[in-house]
Amino acid sequence: MRVLVITGAGVSAESGIPTFRGKDGYWRNLNPAKLATPEAFAKNPRLVWEWYRERRQRIRSAQPNPAHQAIVKLAAHTDEFLLVTQNVDDLHLRAESEGQRLSPDKIVQIHGDIFETRCSRCACSRREPEEEDSNLPRCTECGELMRPGVVWFGEQLDLRKIEQVDNYLTRPSCPVVIVAGTTAAFGYIIDLALRAQDPDGQLIEVNPDPTPLSGFATHLIREPAGIALPRLVDELLAR
Ligand code: NAD
Ligand code: ZN
């Protein structure tokens with residue numbers, strides 16, 4: 001079996017990580033879609049760092065939920081599996097099923113990793129999995145401001161990550177494509193799902209609300225991911 005899974009913020013919602021577009025997405029009355037931009041960082045880097053550090057801290061204390069676990073289970077029983085996630089948290093990587101975790105080569109975090117801190121100018125970067133101080137970080141090599149290692153609205157995706165996804169898509173198409181917890185607001189998410197899907201295969205959307213992808217899906221599961229995915233995975237594995 002060959003399976004592609006695409007996830008978004010909704011999959012981590014049941015772990016207590018707010019989505020951007022949900023009602024608890026706003027931070028201090030600020031819209032995340034405006035904060036997660038190069039313009040916001042240029043204008044007020046201290047404010048943007050404060051928001052990211054709060055989010056990092058919330059993610060550190062969060063636990064993976066049954067949706068993350070179900071995806072690990074599916075990967076363990078699939079010959080050729082790939083997870084493309086827009087989530088910058090590490091919950092997919094920390095989730096376990098039957099004592100196993102997802103191997104890092106089976107996950108592409110296309111919007112980056114929230115725990116990475118990288119230089120705005122040079123190639124310097126570091127990972128900060130532990131709690132940090134509140135200083136504005138500067139690059140030790142070039143002195144420039146450091147920024148979170150995520151893709152902000154209006155920025156390009158990392159070419160190496162696109163390549164990794166493209167490599168997976170050059171082989172025969174997927175009988176099962178699952179898209180869970182994303183508004184699919186970015187055209188490339190819909191494009192990716194459609195490119196991966198076998199003409200006779202299933203394109204399954206898991207989301208309580210309709211999205212621009214819904215019209216293309218062969219199956220719509222209008223439930224929270226933590227409820228729908230464990231059941232869906234068991235059904236797929238029972239076939
Ligand atoms: P989004 O905030 O735009 O949308 C969340 C989607 O999840 C919505 O369609 C909503 O209906 C759905 N949803 C909410 N609760 C759900 C649940 N329990 N089960 C299933 N679906 C549920 O998120 P997005 O589409 O991922 O795009 C937003 C951007 O924000 C991305 O670039 C992403 O990198 C970033 N982001 C990441 C995180 C994270 O890493 N956890 C959190 C917030 C935002
Ligand atoms: Zn630098």
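The model shown is predicted: local features need pLDDT of at least 70, side-chain atom pairs count only at pLDDT 80 or more, and totals for chains, interfaces and linings use all residues. Residues are numbered from 1 along each chain as its sequence is written, chains are lettered from A and ligands numbered from 1 in the order in which they are written, and side-chain values use heavy atoms, with hydrogens and water left out.

**View 1. Arg127 in strand E7.** Buried means under 20% relative accessible area, exposed over 50%, and partly exposed in between, with a 1.4 Å probe and protein chains only. Strands (E, at least two residues) and helices (H or I, at least four) are DSSP runs, numbered from the N terminus. Leaving out residues up to four places away in sequence, Arg127 touches Asp113, Phe115 and Glu116; contact means heavy atoms within 4.5 Å. Val48 is 79 residues from Arg127 along the chain, and their C-alpha atoms are separated by 18 Å.

**View 2. The site of the zinc ion (ligand 2).** The SG atoms of Cys119, Cys122, Cys139 and Cys142 coordinate the zinc ion at 2.2 to 2.4 Å. Donors are N, O and S atoms within 2.8 Å of the metal (3.2 Å for Na, K and Ca); water is not among the atoms, so sites may look incomplete. The angles among the four donor atoms are 97 to 124 degrees, and the site is tetrahedral. Four donors count as tetrahedral if all angles lie between 85 and 135 degrees. The ideal angle for four tetrahedral donors is 109.5 degrees. Along the chain, the donors follow the spacing C-x2-C-x16-C-x2-C. Cys122 lies in the loop between strand E6 (112–119) and strand E7 (125–127), and Cys139 in the loop between E7 and strand E8 (146–150), so the pair ties together parts that are 17 residues apart in sequence. Cys122 is partly exposed, at 29% relative accessible area, whereas Cys139 is buried, at 5%.

View 3. Buried residues of H9 are Ala225, Gly226, Ala228, Leu229, Leu232, Val233 and Leu236.

**View 4. The largest nonpolar core.** A nonpolar core is a set of buried Ala, Val, Leu, Ile, Met, Phe, Trp, Tyr and Cys residues joined through side-chain atoms within 4.5 Å. Of the 26 residues in this core, Val5, Leu74, Phe81, Ile178, Val206, Leu229 and Leu232 touch the most other members. Two or more residues come from each of strand E1 (2–7), H5, strand E2 (80–85), E9, E10 and H9. Not counting residues up to four places away in sequence, Val5 touches Ile71, Leu74, Phe81, Leu82, Leu83, Val84 and Ile178. A second, separate core has 21 residues, among them Val108, Ile110, Ala184 and Leu203.

**View 5. Helix H8 (residues 187–196) and Ile190.** Ile189, Ile190, Leu192, Ala193 and Ala196 are the buried residues of H8. An arc of only 160 degrees around the axis holds them, which puts them on the same side of H8. They pack against E1, E2, helix H7 (159–169), E9 and E10. Ile190 counts as buried at 15% relative accessibility. Leaving aside neighbours within four places in sequence, Ile190 is in contact with Ala184, Pro212, Leu213 and Phe216.

**View 6. Arg28 and Asn29 in the loop between H1 and H2.** Phi of Arg28 is near 50 degrees, a positive value in a residue other than glycine. Asn29, also not a glycine, has a positive phi of about 65 degrees. Most residues other than glycine have a negative phi. Arg28 is partly exposed at 46% relative accessibility, while Asn29 is exposed at 75%.

Definitions and conventions
Four donors count as tetrahedral if all angles lie between 85 and 135 degrees; four count as square planar and six as octahedral if opposite donors are over 155 degrees apart and all others between 65 and 115; anything else is irregular. The arc is that of the directions from the helix axis to the C-beta atoms.
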